[in-house]
Amino acid sequence: MDLKGLFSIHGLFKIFELVLIVITFLLARIGYGGNHALFGTTVDEIWLGYLTVGGWLIITPAIIVGIVLEDPMSWKLDSLFSIVGAFLYIASGSCAIDYNTSQPLAKESRDSGLALGSFCIITGIVLLMDAAFLVTKYARRLK
């Protein structure tokens, strides 16, 4: 068991991702100020949002445990997870922002939904940055 791996750039990316993922989970589940945040009105938008947030709330801690146990997943698989997660989070955030800007909602509900959408997009961007870091770090070694 080695906690030094968490203080590497990759480990810090994963910890920051986990913090963002927990924030998006709490916004999706509890909302902000007692106002529930919604991903959209259609079943597809709602399922996309909840599965993205819930799925990565399971995947990211598993990756962090692998880093701590000194058995991290390969950089190719990790970057693939990050890219898929980035697209899913950006799509979920876009659905939430679209819904909360196009519907006549109370200001508090709208603000809660916009916060959820914004955090989803920020999380997606951080996941994409993590994938870019992994690819630039390890793909150069293959040459």
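Visitor: Is Glu 70 buried or exposed?

Guide: In this predicted model, Glu 70 is exposed, with a relative accessible area of 53%.

Visitor: Where is Glu 70 found?

Guide: Glu 70 sits in the loop between α2 and α3. Its backbone has a positive phi of about 60°, although Glu 70 is not a glycine.

Visitor: Let us step back. How many helices and strands are there in the protein?

Guide: The protein has four helices and zero strands. From the N terminus on, the elements run α-α-α-α. Along its principal axes, the C-alpha trace spans about 55 × 30 × 20 Å.

Visitor: What percentage of the residues count as buried?

Guide: Of the 143 residues of the protein, 37% count as buried.

Visitor: And which share of the contacts is between residues 24 or more positions apart?

Guide: Taking the contacts with a separation of 6 or more, residues 24 or more positions apart account for 80% of them.

Visitor: Now the core. Which residues touch the most other members of the largest nonpolar core?

Guide: They are Phe 39, Tyr 89, Leu 116 and Cys 120, out of 13 residues in that core. At least two residues of this core come from each of α1 (9-29), α2, α3 (75-102) and α4 (107-142).

Visitor: What does Tyr 89 touch?

Guide: Leaving out residues up to four places away in sequence, Tyr 89 touches a set that includes Ile 21, Thr 52, Trp 56, Cys 120 and Leu 127.

Visitor: And Ser 92, where is its place?

Guide: Ser 92 is in helix α3. At 0% relative accessibility, Ser 92 counts as buried. Beyond residues up to four places away in sequence, Ser 92 touches Phe 39, Leu 48, Gly 49, Thr 52 and Cys 120.

Visitor: Changing topic: what is the volume of the largest pocket?

Guide: The largest pocket has a volume of about 210 Å³. Of the 13 residues that line this pocket, Ser 8, His 10, Ile 67, Pro 72 and Tyr 138 are the closest to its centre.

Visitor: Which elements give two or more residues to the lining?

Guide: Those elements are α3 and α4. The most comes from α4, with three residues.

Visitor: What is the lining like by class?

Guide: The lining of the largest pocket has six nonpolar, four polar and three charged residues.

Visitor: Tell me about His 10. Which helix does it lie in?

Guide: His 10 lies in helix α1. His 10 is buried, with a relative accessible area of 13%. Apart from neighbours within four places in sequence, His 10 is in contact with Ile 67, Asp 78, Asp 130, Phe 133 and Leu 134.

Visitor: Then Ile 67, where does that lie?

Guide: Ile 67 lies in helix α2, which covers residues 43-68. At 8% relative accessibility, Ile 67 counts as buried. With residues up to four places away in sequence not counted, Ile 67 touches Asp 2, Gly 5, Leu 6, His 10, Gly 11, Lys 14 and Pro 72.

Visitor: How many Å lie between Ile 67 and Ser 109?

Guide: From C-alpha to C-alpha, Ile 67 and Ser 109 are 38 Å apart in space, and they are 42 residues apart in sequence.

Visitor: Last one: what about Phe 81, and what does it touch?

Guide: Phe 81 touches Trp 56, Ile 59 and Met 73, not counting residues up to four places away in sequence. Phe 81 is found in helix α3 and counts as partly exposed, at 29% relative accessibility.

Technical notes:
Residues numbered from 1 in each chain as written. Predicted model: local features only at pLDDT ≥ 70, side-chain atom pairs only at ≥ 80, totals over all residues. Heavy atoms only, no water. Buried < 20%, exposed > 50% of the residue type's maximum accessible area, 1.4 Å probe, protein only. Contact = heavy atoms within 4.5 Å. Core = buried A, V, L, I, M, F, W, Y, C linked by side-chain atoms within 4.5 Å. 1 Å grid on protein atoms, 1.4 Å probe; cavity = no way out; pocket = protein on both sides within 12 Å on 5 of 7 lines; lining within 4 Å. Points joined across faces, edges and corners; volume = space filled by probe spheres on them. Nonpolar A, V, L, I, M, F, W, Y, C, P; charged D, E, K, R; others polar.
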